[in-house]
Amino acid sequence: MAGVLTLQSLAVATGTTLRGEGGYEIYAAAPLEQAGATDISFIRDRKYVRYLADSAAGALILPPSLADEYAGNCLLSPDPYLTYAQVVGLLYPSSLPAPGIAASAVLADDVVLGEGVHIGPRVVVESGAVIGAGTVLKAGCVVGADCQVGPDNYFHANVTLAADTRTGARVILHSGVVLGADGFGFVPQPTGWYKIPQVGNVVLGDDVEVGANTTVDRAAMGSTVLGNGVKLDNLIQIGHNVQIGEHTAVAACTAIAGSVSIGRHCRIAGTCSIAGHLSIADHVTITGNSMVINAIKEPGVYSSGMPAEANAVWRKNAVRLRQLEKLNQRVKALEQQLAAQLPMQTANPCCDSDS
Amino acid sequence: MAGVLTLQSLAVATGTTLRGEGGYEIYAAAPLEQAGATDISFIRDRKYVRYLADSAAGALILPPSLADEYAGNCLLSPDPYLTYAQVVGLLYPSSLPAPGIAASAVLADDVVLGEGVHIGPRVVVESGAVIGAGTVLKAGCVVGADCQVGPDNYFHANVTLAADTRTGARVILHSGVVLGADGFGFVPQPTGWYKIPQVGNVVLGDDVEVGANTTVDRAAMGSTVLGNGVKLDNLIQIGHNVQIGEHTAVAACTAIAGSVSIGRHCRIAGTCSIAGHLSIADHVTITGNSMVINAIKEPGVYSSGMPAEANAVWRKNAVRLRQLEKLNQRVKALEQQLAAQLPMQTANPCCDSDS
Amino acid sequence: MAGVLTLQSLAVATGTTLRGEGGYEIYAAAPLEQAGATDISFIRDRKYVRYLADSAAGALILPPSLADEYAGNCLLSPDPYLTYAQVVGLLYPSSLPAPGIAASAVLADDVVLGEGVHIGPRVVVESGAVIGAGTVLKAGCVVGADCQVGPDNYFHANVTLAADTRTGARVILHSGVVLGADGFGFVPQPTGWYKIPQVGNVVLGDDVEVGANTTVDRAAMGSTVLGNGVKLDNLIQIGHNVQIGEHTAVAACTAIAGSVSIGRHCRIAGTCSIAGHLSIADHVTITGNSMVINAIKEPGVYSSGMPAEANAVWRKNAVRLRQLEKLNQRVKALEQQLAAQLPMQTANPCCDSDS
């Protein structure tokens with residue numbers, strides 16, 4: 001439930017410039033087209049300036065460059081989107097569960113708990129684990145043996161950490177996350193597969209967030225590493241020995257195969273696949289559903305995938321897709337035929353002689 | 001384990017017309033090609049009529065239009081597939097676990113429980129939650145603070161609902177489902193990502209079913225909504241603020257990005273991806289593995305994707321795929337060359353003069 | 001933590017031939033480029049022979065054919081990769097948790113436990129279940145009614161088995177696995193979807209391993225079957241009534257739709273999709289991200305997918321993809337034009353007469 005704050009207090013808390021009625025009361029934040037008289041909304045840049053005239057919002061967060069285009073209450077901010085996020089946090093304050101250990105939690109005798117931890121109902125913490133100060137483990141979490149969980153982490157209900165996992169400060173794990181399951185490593189034998197013991201671990205830096213039901217496998221040897229500030233969405237697979245650089249974000253359902261190395265500040269959209277052992281440079285953006293099977297050495301935007309269209313059109317195109325090499329050869333043949341023909345015509349004695 | 005029922009009782013229970021021995025005992029249901037003398041099977045329409053002659057089934061469910069083509073015991077039904085589903089339910093009756101609260105469950109003091117609820121072992125229900133009458137929460141489920149779970153829901157083991165989630169009547173959630181985890185929302189900053197508080201919730205209508213390990217994110221603000229009768233398969237990602245219309249079904253491993261709006265009675269196959277903020281009309285079918293990056297405004301069937309083929313063929317085609325624009329330009333050049341050539345020939349003076 | 005073993009003891013334990021200092025102490029295993037003086041590493045074949053000269057490893061595992069190319073300590077093995085896996089197991093020995101039943105576990109009265117089982121904290125085992133000798137159920141696992149779990153299984157924390165699931169010997173399930181959730185089966189009705197009761201189960205053979213958060217649905221009727229030695233990676237979906245043959249391996253995020261039948265010794269890479277009811281032969285390899293929509297009847301390697309490229313290039317190619325059938329028709333028209341033109345020229349009277 002949102003609280004109520006005056007524009008003045010929002011301006012002060014966000015360090016922005018108020019223009020209009022400081023005592024105006026804001027009850028909620030809302031998208032521009034839905035915002036009413038008690039709501040605050042925002043516009044990021046001039047691209048959306050046409051919406052200003054029709055806005056019914058009680059107040060807007062605007063860049064200074066748009067201040068003259070709007071007569072109503074506003075907060076002027078060099079980064080309206082950031083200010084909006086801050087305002088949401090102010091209007092909808094969250095509170096941490098109270099420190100303490102639920103009676104139904106099961107902690108090994110030698111577990112080390114920092115000050116102010118919250119251990120929820122039915123949590124299990126195995127032998128040798130260390131839980132940092134101020135960390136919250138909600139109901140049903142399992143923290144394996146010898147894990148080192150940093151301070152001020154927040155594990156939502158039913159998170160699982162296998163043995164030896166390490167997290168930095170302020171890590172957020174959503175429900176169903178599994179860190180440290182075995183990587184997929186087997187030696188092919190005539191009689192089947194021989195399992196390669198996966199003896200490494202998973203290490204998360206500070207300020208990492210991992211979405212619901214995402215899995216990060218432990219390294220075969222050494223560590224699978226998510227750098228500081230890495231953000232993973234839901235249902236992502238991170239294979240063993242993957243290294244993800246600081247502040248890289250990955251959207252839902254993307255699969256990153258074993259031993260991939262991804263740079264810093266990358267943005268990888270949803271449902272991508274990145275094949276094993278590839279290296280991706282810093283500042284690379286990969287758009288949705290891309291299939292990455294080669295290393296990416298330069299910053300930039302990379303893409304693949306076939307956009308959906310009417311089924312009748314696709315059916316025909318899909319057939320042609322399988323004949324693409326043949327089509328190429330047919331075009332080549334045409335080019336050769338035409339090339340052979342043209343010089344002949346140029347030298348055509350009958351025509352030449354007639355001109 | 002299946003029970004035993006006579007054909008007569010099956011006819012009465014399903015409201016179909018019996019033809020043959022009413023006292024014939026049916027022990028199980030089975031696909032047509034596997035069905036033996038004690039089994040019942042079905043044929044949906046004339047397309048499969050050739051299988052009738054060889055059927056060893058004790059009885060068949062048939063549309064009336066096929067009644068004359070089969071001499072054995074049968075139930076005549078205008079919708080044989082529906083009747084088959086009903087018969088399976090009759091032969092394999094399921095029973096709900098007995099009402100009651102397991103001793104190992106952990107319920108906050110202010111939780112409100114409807115009549116006849118079953119709260120399984122190790123369930124956790126947080127403060128302010130309401131559980132509707134007749135609802136079953138199997139072992140290990142966690143229901144967050146202030147959730148409102150409707151009547152006659154069935155949550156299989158290890159389901160997680162984050163705070164404020166609401167479900168209608170007769171909702172079925174399979175194991176590992178996570179409703180209400182934070183949406184993936186961050187403001188890019190030079191130093192990394194600033195988290196946008198996700199202060200909305202998830203709302204499910206009546207008769208919704210959600211498959212194992214599927215995740216439905218809470219809205220950034222407002223609600224992520226699955227309408228009445230929506231059916232989701234396993235390992236699906238539903239982003240924040242998605243709206244799915246009534247009776248739409250989505251198959252496994254499909255990813256629907258934030259703020260997508262999907263109409264009613266749609267059928268979305270498995271491993272599709274739908275990009276953020278798109279709108280999909282009612283009665284749209286999207287075939288498997290499609291990549292939807294544009295709004296779909298008309299009912300119909302939509303598709304994309306490249307069917308697998310022999311690797312040697314694919315390798316060549318994949319190279320040509322990356323040269324498609326070039327190939328197009330080569331064809332254009334050929335067309336221009338040929339167009340330039342043809343009129344010239346038509347007007348060829350030497351030939352003209354010779355004719 | 002790795003132990004310390006002499007080369008001599010490693011040679012004896014792996015049945016390989018030692019060449020060099022038997023008393024040399026090995027502390028760890030490492031990839032060739034990272035291995036130092038206390039590490040052992042390996043080379044599989046001649047392809048990597050150029051790395052031998054620069055290796056700083058304390059010892060190497062080599063095929064006999066490379067023995068003459070390396071002067072240092074080595075173990076000669078006909079299968080260096082297998083020997084490496086064995087050596088890792090020797091250097092990093094894992095120990096099973098001690099037999100016993102945690103006080104916080106909840107077991108139905110009629111559960112049958114084999115000798116030496118380990119039942120971890122907060123485990124739930126429902127009525128009628130049987131747990132084989134030597135099996136380990138880590139914290140938070142739920143084993144449904146009437147399940148039959150084989151001997152020497154290892155279920156990591158928070159695994160869920162729905163009722164009637166059966167596993168063979170030495171099965172490993174990673175955290176978040178769900179076996180036996182309902183298959184996705186509904187009869188379309190004008191008013192929505194009518195659920196088809198899913199009354200079958202899931203059966204796993206011996207030596208099956210299933211990765212984190214993977215889901216295997218129970219059969220609509222009969223059994224969904226993973227044969228002996230099948231290995232599944234993380235976040236895989238196996239639909240109802242799928243049959244997977246012995247020793248087939250499937251990598252992460254692949255979706256296998258209902259009633260698919262896959263042969264023995266197949267290798268299916270990650271993020272593939274296999275459409276419903278298809279049959280895949282033995283010894284088939286499917287490369288990453290492939291979309292299989294037709295049966296595969298012959299062993300071999302199959303592929304599809306569009307590799308990622310620079311976004312600017314893809315944008316143009318994606319447009320051309322939708323025009324592929326048209327491009328084909330344009331090429332056909334060119335071919336016809338040219339074919340029509342050539343005979344005419346051959347018979348060109350003016351030129352002929354001039355020659």
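I began with chains A and B: 59 residues of chain A are in contact with 63 residues of chain B. A reminder to myself that this is a predicted model.

Next I looked up which elements of chain A supply that side. Helix H2 (80–91), strand E40 (309–310), helix H3 (311–321), helix H4 (324–346) and helix H5 (349–354) each bring at least two residues to the side of chain A that touches chain B. H4(A) gives the most, with seven residues. Sorting this side of chain A by class, I noted 29 nonpolar, 21 polar and nine charged residues.

Then I turned to the strands across A and B. E40(A) pairs with strand E39 (residues 300–303) of chain B in the antiparallel sense, over two bridges. Which residue of E39(B) is the bridge partner of Glu309(A)? I found Ser303(B) there.

On to chains B and C. Here I have 63 residues of chain C in contact with 59 residues of chain B. The side of chain C that touches chain B holds 34 nonpolar, 22 polar and seven charged residues.

I checked the strands here too. Strand E40 (residues 309–310) of chain B and strand E39 (residues 300–303) of chain C form an antiparallel pair over two bridges. Within E39(C), Ser303(C) is the bridge partner of Glu309(B).

Conventions. Residues numbered from 1 in each chain as written. Chains lettered and ligands numbered in written order. Predicted model: local features only at pLDDT ≥ 70, side-chain atom pairs only at ≥ 80, totals over all residues. Contact = placed C-beta atoms within 7 Å. Nonpolar A, V, L, I, M, F, W, Y, C, P; charged D, E, K, R; others polar. Pairing = 2+ DSSP bridges. Helix = DSSP H or I, 4+ residues; strand = E, 2+ residues; numbered from the N terminus.
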